[in-house]
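Let's take a friendly walk through this model together. Please have the viewer open and follow along.

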Amino acid sequence: MDVDIGNVLGTSPGLTTEYLDRLDDRVTDAHGTIEDGMATEEFGYAALTLPETADPDTIRTTVSGFEDPEAVVTVGIGGSALGAATLANALESDVDAYFLDNVDPDHTERLLAELPLAETVVNVVSNSGTTAETLANFLVIREAMDRNGVDWTERTVVTTGPEGNLRRLADRHDLPALDVPAGVPGRFSVLSTVGLAVAALQGHDVEAIIRGGADGKASLAGSLYDSPAYAYGAVAYALAERGALTNVLLPYAESLETFAEWFAQLWAESLGKDGVGQTPARALGATDQHSQLQLYRAGPRDKLVTFVRPRERADVAIPETDLEGLAYLGGGSLGGLLDAEFEATEASLAAADRPTVRIEIDRVDERALGELLYGMEAACVLYGELASLETFTQPAVEWGKRAARGLLGGGDFPEADAVSDKRELVISGDR
Ligand SMILES: O=P(O)(O)OC[C@H]1O[C@H](O)[C@H](O)[C@@H](O)[C@@H]1O
């Protein structure tokens with residue numbers, strides 16, 4: 001993975017090389033803290049050691065009882081779904097992967113109607129084992145299997161922490177079960193059992209994903225000039241301090257669209273606290289050039305645009321044409337067109353003095369994805385260190401979860417009182 005930070009120099013907001021040199025001393029210190037955290041497997045930092053601690057054999061063995069599944073449906077939410085979804089949506093497989101990470105009844109019902117239940121593996125993932133959305137969806141899918149004469153205990157694999165409802169359920173029914181490794185928060189868990197079970201079920205090269213993570217780890221160093229991940233984290237932090245409060249993640253590959261969703265959770269939940277943070281915005285090139293680029297180039301100077309692109313991809317030739325005005329397209333390729341769009345968009349933002357960073361990976365494959373995901377996690381941890389944040393907690397999300405539990409009668413949670421305290425000023429459309 002390479003990171004080009006040239007287009008943050010002299011932009012507005014922007015940085016100077018002198019400033020980056022000064023910031024680099026802080027990067028050195030932060031790297032020391034991160035290395036210490038990794039060495040002692042401290043909560044959160046332990047995630048950055050996953051390339052060494054993840055155990056692909058156990059993952060593969062645990063799911064090996066499901067022979068030739070047609071589909072796998074992951075029931076999980078947030079960090080328990082987005083890593084696996086990123087890999088599944090980036091890589092081709094004959095095994096279809098679905099994600100039930102919402103409790104929208106229409107969506108759940110449509111998916112259940114579509115799934116070949118007898119040939120589907122249900123992959124239930126929850127670190128806490130208590131998340132309402134996940135458990136509710138699991139109960140629904142389990143009942144659907146019962147109704148259709150499918151033994152759900154033969155079709156279910158569980159990934160969870162040491163305690164909680166899911167662990168008890170797995171024990172009671174003797175289900176194949178994987179452990180969420182200790183010290184690894186959900187949004188940093190893609191290179192563990194949480195992200196890799198689906199990859200194994202889909203027949204992907206799990207070792208190569210982990211190897212990519214190891215390559216990312218090997219490229220961490222005590223200077224931002226020697227470490228692409230840290231260069232990105234440091235620049236994003238410094239630009240946020242100068243007013244780039246939004247970070248637009250703009251991959252130029254349809255297969256990386258879910259990666260932008262994964263990144264949004266990582267960035268928002270880790271760095272949005274103590275009144276600071278950088279709002280992640282999900283976009284897709286070239287599509288969003290024709291909509292949001294107007295804002296990025298001419299709107300408020302409050303953004304960093306992060307381009308992500310593979311250097312190589314399979315290509316599709318554009319047929320020759322004698323249609324007037326279109327001859328320049330004929331004989332080219334869709335990939336060539338996408339690359340030209342990418343270069344032009346990057347240049348259009350640079351020419352307007354808007355900061356952008358370019359992240360390049362070799363191609364969208366297992367190894368490069370492992371490296372990219374690891375690199376973004378390390379960038380996020382570094383940003384958190386520079387901003388003195390508690391990167392690995394999410395108190396605001398927990399607050400909302402408690403309010404919802406209280407509202408649903410799932411216990412005595414004072415946060416639920418906020419529901420009746422909400423202000424209302426409804427302008428009604430009824431006449
Ligand atoms: O894995 P679970 O315990 O079900 O948690 C799933 C998600 O729940 C919460 O919303 C947390 O803030 C997320 O970080 C987590 O990924």
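This is a predicted model: local features need pLDDT of at least 70, side-chain atom pairs count only at pLDDT 80 or more; totals for chains, interfaces and linings use all residues.

Helices and strands here are DSSP runs, numbered from the N terminus; a helix is H or I over at least four residues, and a strand is E over at least two.

What is the geometry of the peptide bond from Ser12 to Pro13? That bond is cis, with omega near -5°. Most residues other than glycine have a negative phi, and most peptide bonds are trans. Against that background, two further loop residues deserve a look. The peptide bond joining Gly285 to Ala286 is also cis, its omega being near 0°. You will find Ala286 in the loop between β8 (279–282) and α12 (293–298). Glu41, for its part, has a phi near 55°, a positive value in a residue other than glycine. Its location is the loop between α1 and α2 (50–53).

Now let's turn to helix packing. Two packed helices are described by the angle between their axes and the distance between the axes. Start with helix α4 (residues 82–90) and helix α11 (residues 257–271), whose axes come within 8 Å and cross at roughly 160°. Angles over 145 degrees count as roughly antiparallel, so α4 is roughly antiparallel to α11. The crossing of α4 with α11 is left-handed. On the α4 side, the contact is made by Leu82, Gly83, Ala85, Thr86 and Asn89, while α11 brings Thr258, Phe259, Glu261, Trp262 and Gln265. Sorted by class, this contact of α4 with α11 has four nonpolar, five polar and one charged residues.

Helix α11 has another partner to show you. Its axis and that of helix α14 (residues 366–386) come within 10 Å and cross at roughly 20°. The two helices, α11 and α14, are therefore roughly parallel to each other. Their crossing is right-handed. From α11, the contact involves Phe259, Trp262, Phe263, Leu266, Trp267, Ser270 and Leu271; from α14, it involves Leu372, Leu373, Met376, Glu377, Ala379, Cys380, Tyr383 and Gly384. By class, the contact of α11 with α14 has twelve nonpolar, two polar and one charged residues.

Finally, let's visit the ligand. Which of the 14 residues around the ligand come nearest? They are Ser80, Ser126, Ser128, Thr131 and Glu269. For Thr131, an N or O atom in the side chain is 2.5 Å from an oxygen atom of the ligand. Glu269 likewise has a polar side-chain atom 2.5 Å from a ligand oxygen atom.

How values were computed. Residues are numbered from 1 along each chain as its sequence is written. Side-chain values use heavy atoms; hydrogens and water are left out. Axes are lines fitted to C-alpha atoms, for helices over the stretch in contact, and angles run from 0 to 180 degrees between N-to-C directions. Angles under 35 degrees count as roughly parallel, over 145 as roughly antiparallel, 65 to 115 as roughly perpendicular and the rest as oblique. A crossing is left-handed if the near helix is turned anticlockwise from the far one by less than a right angle, and right-handed if clockwise. Contact means heavy atoms within 4.5 Å. Ala, Val, Leu, Ile, Met, Phe, Trp, Tyr, Cys and Pro count as nonpolar, Asp, Glu, Lys and Arg as charged, and the others, Gly among them, as polar. A residue is near a molecule or strand if one of its heavy atoms lies within 4 Å of it. A polar contact is a pair of N or O atoms within 3.5 Å; within protein, one must be able to donate a hydrogen and the other to accept it, and residues adjacent in sequence count only if both atoms are side-chain atoms.
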